[in-house]
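Morning, everyone. Have a look at this one with me, and we'll start from the inside.

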Amino acid sequence: MKNLLNLESVSKAFDIKPLLTNVSLGINEGERIGIVGRNGGGKSTLLKVMVGLEPVDSGRVAKAGSVRIGILSQVDNAKPGALIRDVVLGDTEKHVWASDAAIREIFIGLFGGFTDELLERPFASLSGGERRRVNLARLLVDDLDLILLDEPTNHLDVEGVSWLAAHLKSRTKLSIVVITHDRWFLDEVSDQIWEVVDGDVLTYEGGYSAYVLSKAERSRQQSVEDGKRNMLIRKELAWLRRGAPARTAKPKFRIEAANTLIANEPPPRNQTELLNFASNRLGNTVYETHKAAIRAGEKPILADLNWNVGPGDRIGIVGVNGSGKTTLIRALLGHIKPTAGKIVTGVTAKAAFLSQHLEELDPEWRVLEAVEHVANHVQLGNGKEMSASQLCEKLGFNTDSQWTPVGDLSGGERRRLQLTRLLMDSPNVLLLDEPTNDFDVETLTALEDLLDSFGGTLLVISHDRYFLERVCDKFVGLLGDGKLLDLPRGIEQYLELRIASKSPASSANSTGSTSNAAQSRLLKKDVARLEKQMARATADEADLRSAQIEVGADHEKLVQVMKELAAIHARIAELEEDWLTATTALEEISN
């Protein structure tokens with residue numbers, strides 16, 4: 001295997017803060033490496049040192065003489081007056097790139113098209129997200145040996161992230177090093193994880209799921225030195241093993257050892273307990289839409305919408321950029337009035353909305369002061385409460401950073417502060433619009449843990465597929481046809497529908513049906529999805545069985561539990577029927 005680049009005893013510090021200390025690593029041809037770690041811990045610096053944008057304080061970076069390296073950094077620029085064509089294609093002759101199917105595929109995947117109008121747009125006129133996609137296209141079009149990607153999924157929707165993962169997986173000889181908080185993307189493209197922590201870089205085999213398993217095993221062997229962190233690892237490990245077993249195929253250590261960590265670990269959420277608590281806080285109604293028509297200015301978004309959002313619902317909202325996801329949320333909040341029909345809000349609903357726009361706060365306030373202006377303590381339910389300082393720490397503000405002036409915070413830190421202030425107000429309905437932007441993986445895990453105990457209704461818009469699947473139980477999609485589509489099979493079903501919507505009928509007629517390989521791949525995903533849903537439904541059934549014993553002689557509660565048991569039995573039967581149909585079809589194709 002050809003070696004491309006080596007770091008030999010590299011150290012790098014800014015001011016007096018060491019970011020890398022005596023780090024030695026190597027990258028070979030075809031390797032896929034994901035980098036994780038706390039924000040400000042040295043991840044981006046590591047990339048810049050590799051490519052020579054930052055000099056090392058000691059040690060050396062060595063690369064093979066013929067190796068071509070490209071980097072996607074978080075700073076996007078181009079020459080004055082440059083067009084998209086200039087940035088992506090450079091001096092390549094038109095007859096060369098216009099006839100190149102690979103280039104067309106990249107443009108279609110990132111921009112939805114490949115037209116002269118797109119290519120002639122000035123780079124300076126683009127939004128930040130568009131500039132990122134242009135620079136990403138430049139790297140993918142170029143003939144490189146190694147690409148270094150710093151948060152490549154920022155500004156991509158779920159569909160775009162899925163396309164990018166598939167494209168990178170198809171480039172088998174290309175070496176990739178990627179920094180991202182998108183754990184689904186890490187799982188898809190990585191065969192190694194590097195964790196930057198306290199100046200060191202720890203290495204793990206496999207993708208993100210394997211990293212969680214390995215980290216849990218290391219923690220078990222080293223004994224419990226940090227109880228809080230180990231608890232979060234065990235909780236996420238339990239979710240990965242119970243909810244997504246197919247993801248654990250990559251680990252190369254003994255999974256049995258890690259399984260001992262979760263032998264008695266409960267599911268991340270007690271669905272029955274949270275539902276009962278949410279019902280007590282919210283009653284029977286949260287949001288109801290009756291034949292509602294919703295517009296964004298003059299643009300129609302939804303028509304004749306009948307939708308019920310109930311107490312304890314945890315709903316992920318997906319759709320292409322501009323499809324109206326945020327508009328739908330704002331309509332539920334009453335910020336936008338329906339042009340027809342009506343939207344009913346429950347009288348006890350107390351909503352909190354995390355938007356993509358940062359709240360203006362007094363720059364002289366300290367972080368803790370800004371949170372305590374809302375409340376000193378927050379009630380989490382079931383007698384649990386958390387102080388303002390404890391909640392700050394949970395979301396990544398340690399004791400020292402709680403005294404940082406608001407005016408000195410980065411964009412990501414301001415977003416975390418905004419979310420902390422919302423949670424301190426004890427809402428019973430949370431509406432989150434891209435809550436994971438600029439969060440590192442560790443803070444995302446802590447946020448998921450916090451949301452696990454949220455006894456209310458949760459609606460989430462996010463391009464972070466892992467986060468959506470981790471915190472939500474239901475999914476709806478906006479496909480631009482004026483309808484809100486229920487997605488019982490989740491994001492995978494949404495992506496299949498998007499692919500189908502792009503396929504012209506003539507193509508379907510000429511080819512007859514999808515190839516056996518494509519059908520097999522979709523059926524395998526269906527089987528895995530159904531098995532995951534059956535596992536969840538079975539866990540819910542077990543919870544209800546326990547509740548049946550606990551309510552004892554309380555006739556009203558017993559009747560309610562029996563109704564829920566009947567519903568879950570019907571759900572399990574439906575899932576088993578679907579699973580049988582999918583596995584039978586898969587066997588027929590395989591044979």
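The largest nonpolar core has 45 residues. Touching the most other members are Leu417, Leu419, Leu430, Leu432, Leu451 and Val460. By nonpolar core I mean buried Ala, Val, Leu, Ile, Met, Phe, Trp, Tyr and Cys residues joined through side-chain atoms within 4.5 Å. Buried means under 20% relative accessible area, with a 1.4 Å probe and protein chains only. Helix α16, residues 411-424, gives this core the most: five residues. Helices here are DSSP runs of H or I, at least four residues, numbered from the N terminus.

A word on the source. This is a predicted model: local features need pLDDT of at least 70, side-chain atom pairs count only at pLDDT 80 or more, and totals for chains, interfaces and linings use all residues. Residues are numbered from 1 along each chain as its sequence is written, and side-chain values use heavy atoms, leaving out hydrogens and water.

Which residues does Leu432 touch? Leaving aside residues up to four places away in sequence, Leu354, Leu419, Leu451, Leu458, Leu459, Val460 and Ile461. Touching, or contact, means heavy atoms within 4.5 Å. Apart from this core lies another, of 44 residues, including Leu72, Ala82, Leu136 and Tyr211.

Now the whole protein. There are 22 helices and 20 strands; strands are DSSP runs of E, at least two residues. Of the 591 residues, 49% are buried. Take the contacts with a separation of 6 or more: residues 24 or more positions apart account for 70% of them.

That's my tour.

Key:
Buried means under 20% relative accessible area, exposed over 50%, partly exposed in between (1.4 Å probe, protein chains only).
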